[in-house]
Amino acid sequence: MSTPEENPLYSPFFGVMGATSAMVFSALGAAYGTAKSGVGIAAMSVMRPELIMKCIIPVVMAGIIAIYGLVVAVLIAGKLEESYSLYHGFVHFGAGLAVGLSGLAAGFAIGIVGDAGVRGTAQQPRLFVGMILILIFAEVLGLYGLIVAIYLYTKT
């Protein structure tokens, strides 16, 4: 039987905030990446409408960032229960922040690279492969946060 010192009443707050941070920050990053890339796609499609489907890749990659946050938020929410220790709360909060903030940074990077990349691809199609490579490096920043979050999650 656990004591109130081990499982204080406010312990689940940190777990809930971890799930919230995972979802909110990664969704903010994904939204920014989608919006910024979408602006570039709209500007590019005026000159080269045949490239729209080819240049939609940054929007898809930005959406994947939100999925990372969703996965961690669902994992954390699944562990919330009445006998929730302060340790679990802190670890889950850290996991949520890890994936959320790295997703925010990755979304910013994807948005900026996607915007400039699709505009550049419209002028010089050979830039497409370079844009994809840079987008992969931006996406992997969010993946690093997911890996750290899952590692922290398994520590509970």
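Is arginine 119 buried, partly exposed or exposed, and at what relative accessibility? Arginine 119 counts as partly exposed, because its relative accessibility is 36% (buried means under 20% relative accessible area, exposed over 50%, and partly exposed in between, using a 1.4 Å probe and protein chains only). Before we go on, a heads-up: this is a predicted model, where local features need pLDDT of at least 70 and side-chain atom pairs count only at pLDDT 80 or more, while totals for chains, interfaces and linings use all residues. Residues are numbered from 1 along each chain as its sequence is written, and side-chain values use heavy atoms, with hydrogens and water left out.

Let's stay with arginine 119 for a moment. Its side chain meets that of aspartate 115 in a salt bridge, 2.7 Å from N to O (a salt bridge is a side-chain nitrogen of Lys or Arg within 4 Å of a carboxyl oxygen of Asp or Glu). Aspartate 115 is buried, at 10% relative accessibility, whereas lysine 36 is partly exposed at 29%. Through shared partners, Lys36, Asp115 and Arg119 end up in one network.

The structure holds 3 salt bridges. One of them joins glutamate 50 and arginine 48, with the closest N and O atoms 2.8 Å apart. Glutamate 50 is exposed, with a relative accessible area of 55%, and arginine 48 is partly exposed at 23%.

Now for the helices. Two packed helices are described by the angle between their axes and the distance between the axes. Helix α3 (residues 86-123) packs against helix α4 (residues 127-154) at about 175°, with their axes 8 Å apart (axes are lines fitted to C-alpha atoms, for helices over the stretch in contact, and angles run from 0 to 180 degrees between N-to-C directions). α3 and α4 are therefore roughly antiparallel (over 145 degrees; under 35 is roughly parallel, 65 to 115 roughly perpendicular and the rest oblique). Their contact has 21 nonpolar residues, 9 polar and 1 charged (Ala, Val, Leu, Ile, Met, Phe, Trp, Tyr, Cys and Pro count as nonpolar, Asp, Glu, Lys and Arg as charged, and the others, Gly among them, as polar). α1 and α2 also pack at about 175°, with axes 8 Å apart. Their contact has 15 nonpolar residues, 8 polar and no charged.

What about the inside? The largest nonpolar core has 29 residues, and Val72, Val99 and Ile110 have the most contacts inside it (such a core is a set of buried Ala, Val, Leu, Ile, Met, Phe, Trp, Tyr and Cys residues joined through side-chain atoms within 4.5 Å). α1 (11-47), α2 (57-79), α3 and α4 each supply at least two residues of this core. Not counting residues up to four places away in sequence, isoleucine 110 touches Ser37, Pro58, Met61, Ala62, Ile65, Leu135, Ala138 and Glu139 (contact means heavy atoms within 4.5 Å).

Notes
Helix = DSSP H or I, 4+ residues; strand = E, 2+ residues; numbered from the N terminus.
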